[in-house]
Amino acid sequence: MTLEEPQRHLFDIPEDVAYFNTSYNRRVMEYLLMTLEEPQRHLFDIPEDVAYFNTSYNAPQLKASSERLRVAASAKGRPWERGPDSFFEDAERVRTLAAEIFGGTPDCYAVVPAASYGTSTAARILEPLLGRGDEVLAVDEAFPSNFLPWQRMARESGASFVTVPTPADLDWTQAILSRIGKATRVVAAPPCHWTNGARIDLEAVAGAAREVGAFLAVDATQALGAAPLDLARIKPDFLIAAGYKWLLCPYGFSLFYVDPRWHEARALEESWITRANAKDFANLVRYTPDYRAGARRFDVGQTCTALLPGAVAALEQIKAWGVEAIAERLSAINAVIMERVAALGLRLPAEAHRSPNMFGATLPEGRAGPLVPALAEKKIFVSQRGNALRFSPHLQVSQHDLDRLLQELGALLS
């Protein structure tokens, strides 16, 4: 009897509003969850007989990116149809998407061709601030792009270059924290180690760096786009990410985040497109010392590359999926693989030290045979780094892919 009477008095709904859409939010969430639980293979150009678990090496390209790249390459054949704005539009769209997905503002992002370009820019900015007695901290067996520029910067400035040894328990966070001291001036740390995905708590590292007045540079190549990163809490001075892995972008595109405190710093190169009068083509020879706003001064020359439309398509898709939803799905896929490889005798990193998107499983003694080539013969693709198999799926992975991977691993390792 009670429910036969309108219960409007329990809600704050104006009398002139008739609302019949209570299930809207629930339906949206159910749709999103269903979409991400289903393989997104139709968005990629991957044959059905290929099981690809190697995003940390090189991500498969989205069909949408391939199509936009094709159109962009063809457009060069008709340059009279491209106006001056075409030199800037795609880069600005990239900056806007990056800020919407990862945080910060569009002004904080520069478009660069490689992670090494961003790291070298950051090293050049910081080098004059270092001297003898200072230390530059990097992790052992870091990817060369996040090692060599810092090593040279330390040598050129007279600072000491220190590598944090690989911890036996893969607790990189504690290993880095225990090495940061009063002499530390630069900490170059990734969100996870590129060889095996061992997670690093960047918030804790950032806090320790700030306590001693050290600068923080993050190479987020193996996490950005697939694992949540809170820029507002980490507050890195610089963050670099190669685009061809978890950002799903074309090879030759990378993102470079620069904290506002460095927006007036010296750029790595000088080009017309980074200058304040760049859009005034008729007066480019009236050279100005002023740069365009924010981190745009750190853009690579020829920012208007034909690669950018492919990057825009990839970032739009990541935004549509949502980084947290991507991470949850990848974590679920990896949990299935972990259960199987653990049963086969491979050693896994402790749960507290795992990244959601990738992991390395250490092979038993004497079992470091040609597993990767053997799997590749079956069109199943993983990586091996050192004595660990590295698994890094993306959303195209299906149950059929998992079944094939686990079956073949069992046959090879049993």
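The legends below describe close-up views of a predicted model.

**View 1. The protein chain as a whole.**
The chain has 414 residues, of which 50% are buried. Its secondary structure comes to 12 helices and 12 strands. Among contacts with a separation of 6 or more, 73% join residues 24 or more positions apart.

Helix α10 covers residues 323-343, which is 21 residues. At 1.5 Å a residue this helix should span 30 Å, and the distance of 30 Å between its end C-alpha atoms agrees with that. The buried residues of α10 are Val323, Ile326, Ala327, Leu330, Ile333, Asn334, Ile337, Met338 and Val341. Seen down the helix axis, these buried residues fall within an arc of 150 degrees, so they line one face of α10. An α-helix has 3.6 residues a turn, so residues three or four places apart point the same way. On the face turned away from the buried side are the exposed residues Glu324, Glu328, Glu339 and Ala343. Just after the helix, Gly345 has a positive phi of about 100 degrees.

**View 2. Ile337 in the largest nonpolar core.**
The largest nonpolar core has 91 residues. Ile337 is one of the residues with the most contacts inside this core, together with Phe102, Ile176 and Phe391. With neighbours within four places in sequence left aside, Ile337 is in contact with Phe53, Phe359, Phe391, Leu402, Leu405 and Leu406. Another core, of 30 residues, lies apart from the largest one; among its members are Ala115, Ala159, Val258 and Ala267. In soluble globular proteins, nonpolar side chains tend to be buried together.

**View 3. Strand β9 and its pairing with β12.**
Strands β9 and β12 pair in the antiparallel sense over four bridges. Gly360 has Arg390 of β12 as its bridge partner, and Thr362 has Ala388 of β12. Both faces of β9 are covered. Phe359 and Ala361 are buried on one side, while Gly360 and Thr362 are buried on the other. Phe359 is also among the contacts of Ile337.

**View 4. The loop residue Glu127.**
Glu127 lies in the loop between α4 (115-126) and β3 (135-139). Its relative accessible area is 28%, so Glu127 counts as partly exposed, the range for that class being between 20% and 50%. With neighbours within four places in sequence left aside, Glu127 is in contact with Met153, Glu156 and Ser157. Glu127 and Arg155 are 28 residues apart in sequence, and their C-alpha atoms are 9.7 Å apart in space.

How values were computed:
Residues numbered from 1 in each chain as written. Predicted model: local features only at pLDDT ≥ 70, side-chain atom pairs only at ≥ 80, totals over all residues. Heavy atoms only, no water. Helix = DSSP H or I, 4+ residues; strand = E, 2+ residues; numbered from the N terminus. Expected span 1.5 Å × (residues − 1). Buried < 20%, exposed > 50% of the residue type's maximum accessible area, 1.4 Å probe, protein only. Arc of directions from axis to C-beta. Core = buried A, V, L, I, M, F, W, Y, C linked by side-chain atoms within 4.5 Å. Contact = heavy atoms within 4.5 Å. Pairing = 2+ DSSP bridges.
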